[in-house]
Structure formats: structure tokens, C-alpha cells
Amino acid sequence: MIRKARGAAAVAIGLGVALLATGCAGGAGGSGSSDGKVTLTVWENATTGDGVQYWKDAAADYHKLHPNVTVKLQGIQNEDFDGKLQTALNSSSAPDVFMQRGGGKMKDMVDAGQLQPVTLDAASKKAAGAALDANTIDGKIYAVPMTVQPEGIYYSKDLFAKAGITATPTTMDELDADVAKLKTIGVAPIAVGAKDAWPAAHWYYNFAIRECSQETISKVAKTLKFTDPCWTKAGEDVAALLKTSPFQEGFLTTPGQTGAGSSAGLLANHKAAMELMGAWEPGTLAGLTPDQKPLPDLGWFPFPAVPGGKGDPTALMGNVSGGMSLSKNAPKEGQDFLAFLLTADQQKAYAKAFDTIPVNKDAQSVVTESYNVSSLKAYNKAAYAVDFLDTEYGQNVGNALNTAVVNLMAGKTDPAGIVKAVNDAAAKG
């Protein structure tokens with residue numbers, strides 16, 4: 001998420017030899033000079049951890065290969081990223097290369113003429129593989145994927161063992177039973193950062209891909225009409241989960257990824273046993289543990305099945321579109337930089353830095369941590385993968401959906417209210 005890293009494997013800032021420092025949130029796109037030197041601006045959304053060093057090294061390595069190109073990096077906090085990017089795209093200060101959420105958000109940028117198609121050679125297309133399909137609109141590629149990002153529930157093996165849980169849950173009934181067991185050892189069973197809205201909304205997303213068929217999910221991406229009863233049923237599933245009181249106290253005011261008191265911080269410090277997140281989670285947790293190292297007892301399991309759902313039980317939520325895009329006025333060097341990021345060496349370095357799964361299969365040998373191995377196996381076995389719904393359905397509907405789910409959790413609306421909110425947002429365009 002990339003996110004959402006989100007947002008989704010996220011990144012940072014950093015400056016190596018011959019790189020320009022940057023401290024402002026804006027900045028004009030790449031520029032050339034009479035002596036042939038080019039400045040390439042790159043925006044990403046992580047500001048802590050080993051990702052900072054990755055981008056320093058990547059920019060420096062690229063500069064060595066192309067001495068005429070200076071890469072100017074800027075990291076923007078995830079929750080601020082979309083707003084600042086949209087402001088920049090609407091003005092003359094768009095970055096040349098930037099993190100792309102994908103889905104409906106990317107299509108909106110394409111429709112607005114804000115993106116430049118990406119041209120890749122055969123080797124780069126092979127490296128990106130089938131993930132390019134989700135980034136192609138009308139036969140043109142608009143983003144280069146960096147990772148495979150299956151979403152699931154990350155958990156503490158130590159806390160599960162302490163609570164007497166010997167196997168990860170595969171159904172909601174089993175998850176509910178595990179929630180009860182975890183309460184007996186004095187920890188929050190599940191952490192959620194509802195203050196940032198999207199972490200809470202991910203529970204609805206995952207219930208939706210269990211309740212709704214693939215056809216329904218895909219159809220709504222085109223019509224933005226949420227008429228199938230499965231959308232209300234997903235909200236009812238969230239309401240039923242809430243009745244078990246699975247989340248930490250004060251979850252409505254808890255941020256998702258910032259600080260030890262965030263939902264990720266609670267898991268990183270063994271104050272909560274689980275968190276529903278995408279593949280950026282291990283890297284996020286590593287920046288929040290007491291020793292600033294990866295959580296040693298981290299595990300992963302796919303979202304549990306629900307009875308009677310029309311979605312395939314192996315389907316996964318995950319960032320299947322997005323990655324890195326080019327703004328419309330990016331210099332030609334931006335095209336080459338994206339291809340550089342797809343090379344096996346860069347993909348291995350990226351995966352190690354962000355503790356994630358590289359999209360280039362030639363680099364996936366670096367995936368050795370049990371949680372990443374588990375999520376990659378589930379991804380490869382999944383009947384299909386669905387992009388995060390606030391990405392899939394565009395920013396207006398996505399924001400309305402996220403807000404409505406939090407309102408449900410706060411007791412301010414009901415499952416039918418979620419559907420009404422998204423339909424109203426879609427009608428307004």
C-alpha cells in the first residue's frame with residue numbers, strides 16, 4: 001500500500017551522493033538544463049524504517065548509471081499523501097514519479113489527463129508479469145507494480161500460544177472463539193486504527209468479498225450501483241463482529257500506523273494479538289517494536305470464511321493495481337527509472353527493506369519470513385484478488401464508504417446506512 005501502503009509497501013525519503021535535499025510538500029516536476037542534466041522528482045509515502053535507506057540507495061545507484069539524472073525524493077505521510085498528490089496534479093507542481101493507489105483513483109487521473117502512459121520493454125513486462133493487467137486502461141499501462149500485496153490477519157504467535165490457540169481460525173465462528181480466549185490473557189484480541197478510517201473499513205471490504213460474487217464486485221466498479229443485498233450483508237457481518245467486542249478500548253480514536261499507540265504499535269508491542277492489514281504490515285511493525293527490529297513471532301492467515309457467502313472462499317483482498325506512475329509532463333528519464341525499479345536487484349532490495357513480496361518472480365527468492373511465505377502461497381492459490389474497495393471504486397465513493405463503516409462502528413448508522421452513503425456519493429459523481 002502500497003498504502004494505504006496504505007497505501008500501501010511504502011517509502012520514503014532519502015538523499016544520497018549528488019541528490020538534492022527536499023523539505024517542502026510541493027515542488028515542480030522534472031526539469032532539464034542546457035547541459036543535458038535532468039532532475040527527476042519522486043514522491044512516496046513512507047518516512048521511517050529501512051525504506052528510507054532503500055530509496056537513498058536506489059536513487060544513488062540510478063545516478064551512477066545515469067550521471068545526468070539527479071533523483072529528488074520526497075516522502076509524505078500516508079494519510080496525507082492522496083490529498084497532497086491531488087493538489088499537485090491539479091496544479092503545475094506534480095511530481096514526475098509518484099506512488100499510485102490504482103483502481104478507480106488511477107482511472108480518474110487518466111480521465112483527467114494527468115498521467116503519462118508507461119512504455120516498458122519485453123524484459124520489464126516479464127518482470128512485472130500479470131500484475132500489469134490491473135494497471136492497463138484502454139491498452140495502455142499507467143503504473144508499474146512494485147509488490148504483491150495480499151491482505152490478511154497478522155498475529156502474534158506468542159500471544160496465541162499463551163491464550164491456548166493451537167491453530168489459526170478459518171471461519172468467523174473460530175475467530176470469535178479465539179477473541180474470547182485472548183481476552184482471558186489481558187490483551188486486545190484485535191487492533192484497529194479507526195481514527196484513520198481505512199483500517200476499520202478494511203473489515204467491511206473483506207466481508208464484502210466473502211459475501212459478494214466476483215461478478216458483483218466487478219460490475220459495481222463500472223456502475224457504482226450498490227444494489228445487491230450482499231453489500232448490506234457485509235455490513236451486518238461487521239455489526240456481528242462488533243458484538244464480540246474484539247477491538248482495543250478507544251479504537252475509534254486510535255491511528256493506524258503512527259506511533260506505539262497506533263493499532264500497528266499495539267501489535268508490535270504485544271498489547272494486541274491481531275491486526276487486519278496488507279503486506280506492508282511487517283515493515284510498519286518493525287519500525288514500532290521496542291528494538292526497531294521485525295516482530296520475531298509474527299504470523300499471517302487469510303481472512304476467515306463466512307457461511308453462505310457468494311464470493312470464492314479463497315479470494316483475497318489485496319493491492320492488485322497501482323505501484324508507481326508518471327505524471328503527464330514527466331521527462332523521458334522517468335520511463336527508464338520505472339524500468340530500473342523492476343530489475344531483480346532493485347526488487348530484492350525493495351522487498352528486504354520493506355519486508356514485503358516483490359512483484360518480479362526472479363526476486364522472490366528473498367521471501368523467507370513465514371508470514372510472507374504464507375501470504376504468497378495464499379495469493380498464488382486464490383481464485384482471484386480484489387483491490388481495496390476505496391481504491392477500486394474511486395476516491396469519492398471510497399471516502400464515503402470508509403466514513404460510513406466508521407459510523408457503523410461508532411453506532412451512528414446501520415448496515416443499510418453504509419449502502420445508502422455509497423450510493424449517494426456515487427450519485428453525486
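Modeller: What follows is a set of questions about terms, each answered from a value and a definition.

Modeller: This is a predicted model, in which local features need pLDDT of at least 70 and side-chain atom pairs count only at pLDDT 80 or more, while totals for chains, interfaces and linings use all residues. Residues are numbered from 1 along each chain as its sequence is written, and side-chain values use heavy atoms, with hydrogens and water left out.

Biologist: Why is the aromatic pair of Tyr 54 and Phe 354 called edge-to-face?

Modeller: Rings of Phe, Tyr and Trp (its six-membered ring) pair if their centres lie within 6.5 Å, and planes under 30 degrees apart count as stacked, over 60 as edge-to-face and the rest as tilted. The centres of Tyr 54 and Phe 354 are 6.2 Å apart and their planes form an angle of 65 degrees, so the pair is edge-to-face.

Biologist: How do you know whether Tyr 54 is buried or exposed?

Modeller: Buried means under 20% relative accessible area, exposed over 50%, and partly exposed in between (1.4 Å probe, protein chains only). Tyr 54 has 4% and is therefore buried, and Phe 354, at 6%, also counts as buried.

Biologist: What makes the span of helix α2 (residues 78–89) agree with expectation?

Modeller: Helices (H or I, at least four residues) and strands (E, at least two) are DSSP runs, numbered from the N terminus. The expected span is 1.5 Å times one less than the number of residues, so the 12 residues of α2 should span 16 Å, and the end C-alpha atoms are 17 Å apart, which agrees.
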